[in-house]
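I opened the two-chain model and kept notes as I went. The entries follow in the order in which I looked things up.

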Amino acid sequence: MSEEKQQVSRRQFLNYTLTGVGGFMAAGLLAPMLRMAIDPVLQPPSEGEFANVGLAVEDITTTPQRVDWQIDQVDGWYKSKPGKTAWVYKDDNGDIIALSPVCTHLGCVVSWEGSESHPNQFFCPCHDGRYTKDGVNVPGTPPLAPLALFEQKVENGMLYLGKAIPREGA
Amino acid sequence: MLQKIYDWIDERIDITPIWRDIADHEVPEHVNPAHHFSAFVYCFGGLTFFVVVIQILSGMFLTMYYVPDIENAWKSVYYLQTEVAHGQIVRGMHHWGASVVIVMLLLHTLRVFFQGAYKKPRELNWMVGVLIFFIMLGLGFTGYLLPWDNKAFFATQVGLEMAQQVPFIGDELKTLLAGHEEIVGAQTLTRFFAIHVFFLPAALFALMAVHFILIRRQGISGPL
């Protein structure tokens, strides 16, 4: 046996083989576990599903009105019907505006003309946060961003709302 | 009788060197509070370990009643707290112990820092200690959700939103922790339970073993 043919010794060969087989077995054990753990991350992003909020378009006025409805929520094996709320009105162009009531300061619930001293504004009772009718935060009050806008569509004269899309701070 | 049992075992597997290695070692004068009372600062590490043992034991017993399910989690905690004999005590130990661990950890870290005990050759053990600190914070964060009350839910909501602020991978990280893209719910609770009860303790045991083995290899740092 010549010297240069002995690049890999018997011992080295067995070490490599054992490491390879061992690594393969370890990978085979761990792969399904890790795939299981990261499954939520790899789920396709949920499509914006629209729910009928039970409000006819013709009933929408230029004054914001509170709309409550329920959505079908599926959380793994747990199905529930959580409630949602929006403030809905028609702007000067006749376009429907649906605002999320969740204050962008610390997440309390705002209401239209919720304070007698601030007519024509959304008011948050927690820290006196205020928003103008289009949902833009009033400078000098706690919120730093406008109220989120619901995705919306109209079908058979009824209003359907989807996800609330946050808006960038002014 | 006990001596006979010990001798019988020792004769076969030579057990004496093993427990000598673990239990029988010199305590230098400068770390012995009996010699210098100010040496009590050297006790903080051991006290941290002691509280960790309490946490492990009380946690083990709490899982006899606790259910990681959003319908029953709160009810099971309420039940063990109000109906089970001494349940209030055991949960109290786990609840308060969680805070005491952090306090002890902090005191131990301060002792090591101000005595410069982290310096060469003990840098590695400092790093292991920092990892243990992160594991402890993780245990605190995941354990906080388990009672599934309002405080737990909203604290987790806030914590997950913090994770979401991590650059580039924030959204994925949040989903990985919460088990759902948007909902903090059933899958979040089971995940946090698994992390709190299995994953983090396993990592903690491994790191504590390394921490203690390094102390035994390197000895306690000298007097100031």
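Which residue stands opposite Trp112(A) in S8(A)? I looked it up and found Phe122(A).

**Entry 1: ground rules.** I am working with a predicted model, in which local features need pLDDT of at least 70, side-chain atom pairs count only at pLDDT 80 or more, and totals for chains, interfaces and linings use all residues. Residues are numbered from 1 along each chain as its sequence is written, and chains are lettered from A and ligands numbered from 1 in the order in which they are written. Helices (H or I, at least four residues) and strands (E, at least two) are DSSP runs, numbered from the N terminus.

**Entry 2: the three-stranded sheet of chain A.** I began with the sheet that holds the Trp112(A) pair. S7(A) and strand S8 (residues 122-124) of chain A pair in the antiparallel sense over 2 bridges; two strands count as paired if DSSP finds at least two bridges between them. The whole sheet is open, has 3 strands in the order S7-S8-S9 and is paired antiparallel. Strand S7 (111-112) and strand S9 (129-131) of chain A are the edges, each with a single partner strand, so one side of each has no neighbour in the sheet. I then checked the loop between S7 and S8 of chain A, where Asn120(A) lies. Phi of Asn120(A) is near 60°, a positive value in a residue other than glycine.

**Entry 3: a hairpin in chain A.** Further along I noted strand S10 (residues 149-155) and strand S11 (residues 158-165) of chain A, which pair in the antiparallel sense over 6 bridges. Lys153(A) has Tyr160(A) in S11(A) as its bridge partner. The hairpin of S10(A) and S11(A) has 2 residues between the strands, and Asn156(A) takes a positive phi near 50° there.

**Entry 4: domains of chain A.** The domain assignment of chain A gives domain 1 (10-42) and domain 2 (51-165); such bounds come from an automatic or database assignment. I noted 51 Å between the centres of domain 1 and domain 2 of chain A, taken over C-alpha atoms.

**Entry 5: chain B overall.** I counted 9 helices and 0 strands in chain B. Its pattern along the sequence is α-α-α-α-α-α-α-α-α. Taken along the principal axes, the C-alpha atoms of chain B fill a box of roughly 55 × 50 × 35 Å.

Entry 6: Two packed helices are described by the angle between their axes and the distance between the axes. Here the axes are lines fitted to C-alpha atoms, for helices over the stretch in contact, and angles run from 0 to 180 degrees between N-to-C directions. Angles under 35 degrees count as roughly parallel, over 145 as roughly antiparallel, 65 to 115 as roughly perpendicular and the rest as oblique.

I took helix H3 (residues 43-62) and helix H5 (residues 87-114) of chain B to begin with; their axes come within 8 Å and cross at roughly 155°. H3(B) is therefore roughly antiparallel to H5(B). I logged the crossing of H3(B) and H5(B) as left-handed, meaning that the near helix is turned anticlockwise from the far one by less than a right angle (clockwise for right-handed). Their contact has 15 nonpolar, 8 polar and 2 charged residues. For these classes, Ala, Val, Leu, Ile, Met, Phe, Trp, Tyr, Cys and Pro count as nonpolar, Asp, Glu, Lys and Arg as charged, and the others, Gly among them, as polar.

The axes of H6(B) and H9(B) come within 9 Å and cross at roughly 160°, which means that H6(B) is roughly antiparallel to H9(B). This crossing of H6(B) and H9(B) is left-handed, and the contact has 18 nonpolar, 7 polar and no charged residues.

Phe141(B), Tyr144(B) and Leu145(B) of H6(B) meet Ala152(B), Ala155(B), Thr156(B) and Gly159(B) of H7(B), where contact puts the C-beta atoms, placed from the backbone, within 7 Å.

**Entry 7: a cis peptide.** Lys120(B) and Pro121(B) are joined by a cis peptide bond with omega about 10°. Pro121(B) lies in the loop between H5 and helix H6 (123-145) of chain B.

**Entry 8: where the chains meet.** I found 11 residues of chain B in contact with 11 residues of chain A. Helix H8 (170-178) and helix H9 (186-218) of chain B are the elements that give two or more residues to the chain B side. H8(B) gives the most, with 3 residues.

Technical notes
Contact = placed C-beta atoms within 7 Å.
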